[in-house]
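Welcome, and please open your viewer. We will walk through one structure stop by stop, selecting a few residues each time.

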Amino acid sequence: MVETDLGSATIVYENPDGDTVETTVRNEHLVYVQDHWLVDVSDEEAGTDTVRRIPIQRVYHVEREVAEFEDELSTLRQQVESVADDVRTRLLGDEESETGSTGEAVHIDVEEADDADR
């Protein structure tokens, strides 16, 4: 399997001792989840598999390469759309099985009515 180099990311944060720490990892080893940054700090040579969870309040800044950020935004959009589809299905039922529709999004243009139309 060939790994694609997605670049690096740097996170600067305050550790529990109050010291400022700057850590640089591969982009895919730094993610933001539930108000925390998760950093993969595993050591393959030592055989450890560790993720450091850093509260957002302790993070000063995160720097990423732009290409990876664009991919991350695309992935986030897909995740939000997936959650929205799941919620819609749970609340409204499975429309495809009930109506035979393809499940494609329906767009409705809304225009302001003139005073004469009211």
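**Before you start**

This is a predicted model, in which local features need pLDDT of at least 70 and side-chain atom pairs count only at pLDDT 80 or more, while totals for chains, interfaces and linings use all residues. Residues are numbered from 1 along each chain as its sequence is written, and side-chain values use heavy atoms, with hydrogens and water left out.

**Stop 1: the sheet**

**Stop 2: strand E4**

Now select residues 36–40, which make up E4. Is this strand largely enclosed or open? Four of its five residues are buried, so E4 is largely enclosed by the rest of the structure. Buried means under 20% relative accessible area, exposed over 50%, and partly exposed in between (1.4 Å probe, protein chains only).

Two strands pair if DSSP finds at least two bridges between them. Four bridges join E3 (residues 30–33) to E4, and Val31 stands opposite Leu38. Next, click on Gln34: in the hairpin of E3 and E4, with two residues between the strands, Gln34 takes a positive phi near 50°.

On to E5, which is joined to E4 by five bridges. Select His36 to find Pro55 opposite, then Asp40, whose bridge partner is Val51.

**Stop 3: the salt bridges**

How many salt bridges does a search of the whole structure find? There are two, each being a side-chain nitrogen of Lys or Arg within 4 Å of a carboxyl oxygen of Asp or Glu.

Select Arg58 and Glu14, whose closest N and O atoms are 3.4 Å apart. Arg58 lies in the loop between strands E5 (51–55) and E6 (59–64) and Glu14 in E1 (residues 8–14), so the pair ties together parts 44 residues apart in sequence. Arg58 is partly exposed at 31% relative accessible area, and Glu14 is partly exposed at 27%.

Finally, select Glu28 and Arg26, whose side chains meet at 2.7 Å, N to O. Glu28 is partly exposed at 31%, and Arg26 is partly exposed at 37%.
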